[in-house]
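Dear colleague,

I am handing over the structure we spoke about. The findings follow below it.

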Amino acid sequence: MFLNHHYVLETVLSISTRTESPESARQPEAGSGRPGRFRRMLASPELSFAMEAHDGLSARIAQAEGFRALWASGLSISTAMGLRDNNEASWSQFLQVVELMADATSVPIVVDGDSGHGNFNSARRFFRKAEQVGAAAVSLEDKIFPKMNSFVGTEHELAPAEEFCAKIRACKDSQQDPEFCLIARTESLIAGVGMREAIDRAEQYRLAGADAIFIHSKKQVSDEIVEFSQEWGERLPLVIAPTTYAATTPTDIFRRCGISTVIWANHSMRAAFAAIRQTCREIRDTESVSHLETLAPLSNVFDLLDYDELERAESRFFTDHPMNG
C-alpha cells in the first residue's frame with residue numbers, strides 16, 4: 001500500500017512554513033516561489049491545467065487569461081524559431097526563450113526538456129540552468145537523443161530504462177531548490193511497447209527520484225490513459241497532454257482517474273499559426289489591411305504589456321530625485 005502523496009507533501013509543506021520568531025516571519029514563506037507553488041499544484045487533489053506558451057507574449061497572455069501554470073513546449077518553441085521538434089534548436093537557445101517567459105510572468109513554468117539533450121551530464125546541466133532562469137519544473141522523456149516529436153512517424157526508440165534513471169538521479173542531485181520538480185515522461189505507449197512496459201518504467205523512474213510521471217499517448221481515445229492511471233494509483237502525481245484524445249474525452253474523466261495536471265501542449269502556437277497564415281493571405285490577396293476585423297487593437301497590446309508603467313516610472317524617478325526637490 002502506497003502512502004497518499006498528497007497528504008504527506010502537504011503535511012511537510014505546512015510544517016516547513018511555520019514561523020518561530022520575528023526574524024523568520026520576515027523571511028519569504030517557504031514554498032512561495034514558483035517551484036513550491038507548482039509542487040503544491042502537483043500534490044493537490046484538484047485537477048490543474050497548464051497552458052502552452054512559446055514566447056514572452058504567449059506566456060503573458062496565458063497568465064492574464066487565468067492559467068496558473070505554463071508549459072514551455074519543445075514543439076511550440078521550436079516552431080516559433082522556424083525549426084523542427086527534433087532537437088534542431090540548441091538547449092541554450094531554448095532556455096533563452098524560457099527566461100523571457102519567466103521575466104514576463106509570475107506563474108510556474110514547466111519546461112519541456114525532451115530527452116535531456118544528450119547524456120546524464122547534458123541533462124543535469126540543462127536541468128540546473130532551467131532552474132536558474134526561473135522555471136518551476138523540467139519534464140524529461142525516455143527517448144534517445146535526438147528525439148523526434150511523438151506525433152511524427154511510427155519509429156520512436158526508447159532509451160534503456162537504467163540510462164534514463166541515471167539522468168533522473170543526476171538531475172535531482174544537481175538542483176539547488178529542493179522544491180524544483182522533475183517530471184519523468186515515459187514514451188512507452190508512443191513507442192508501442194505496451195502497458196506493462198509503461199508501468200514498469202514509470203515505477204523505476206519513481207524509485208530513481210522523479211517527482212511526477214507524465215504518461216503520453218497518441219490514441220484518438222483516452223483508454224490507455226485510463227488504464228494506466230487505474231493501475232498506477234497514487235504512487236506519484238500523473239501528468240498528461242491530451243492533444244490527440246482531447247476531443248473524445250470529457251475532462252471529468254481525468255478527474256475521476258486522479259490525474260494531477262493536464263497540459264494543453266501546443267494550442268497557443270497552433271492558434272497563432274492559423275491566424276498569422278490567414279492574415280498574411282488576406283493582405284496578399286487584397287493588398288489592403290482596412291478590411292481585417294480579427295486584429296487585436298494596439299491598445300490591447302499596450303495594456304497587456306503595461307506601457308503606462310513607463311510613464312509612471314519616469315515621473316517617479318525624475319521627480320523624486322533630490323536635485324529636483
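Met195 is in contact with Leu189, Glu224, Glu227 and Phe228, leaving aside its neighbours within four places in sequence. The model is a predicted one, and what follows is computed from it.

Met195 itself belongs to helix α10, which covers residues 195–208. Its relative accessibility is 15%, and it therefore counts as buried, the cut-off being under 20%.

Among contacts in the protein with a separation of 6 or more, 72% are between residues 24 or more positions apart.

On the surface there is a patch of negative charge, where Asp303, Asp308, Glu311 and Glu314 gather. Helix α15, residues 308–319, contributes the most to this negative patch, with three residues. Asp308 is located in helix α15. With a relative accessible area of 49%, Asp308 is classed as partly exposed, because exposed requires over 50%.

As for the overall figures, the protein has 15 helices and eight strands. Of its 325 residues, 46% are buried, and Met195 is one of the buried residues. The accessible surface amounts to about 16,900 Å², and carbon and sulfur atoms hold 53% of that surface.

Regards

Note on methods:
Residues are numbered from 1 along each chain as its sequence is written. This is a predicted model: local features need pLDDT of at least 70, side-chain atom pairs count only at pLDDT 80 or more; totals for chains, interfaces and linings use all residues. Side-chain values use heavy atoms; hydrogens and water are left out. Patches are made of residues with over 30% relative accessible area and no salt bridge: like charges are joined within 9 Å, nonpolar side chains (Val, Leu, Ile, Met, Phe, Trp, Tyr) within 5 Å. Accessible areas come from the Shrake-Rupley method with a 1.4 Å probe; for residues, only the protein chains shown count as cover. A salt bridge is a side-chain nitrogen of Lys or Arg within 4 Å of a carboxyl oxygen of Asp or Glu. Lys and Arg count as positive and Asp and Glu as negative; His and the chain ends are not counted. The place of a charge is taken as NZ of Lys, CZ of Arg, CG of Asp or CD of Glu. Helices (H or I, at least four residues) and strands (E, at least two) are DSSP runs, numbered from the N terminus. Buried means under 20% relative accessible area, exposed over 50%, partly exposed in between (1.4 Å probe, protein chains only). Contact means heavy atoms within 4.5 Å.
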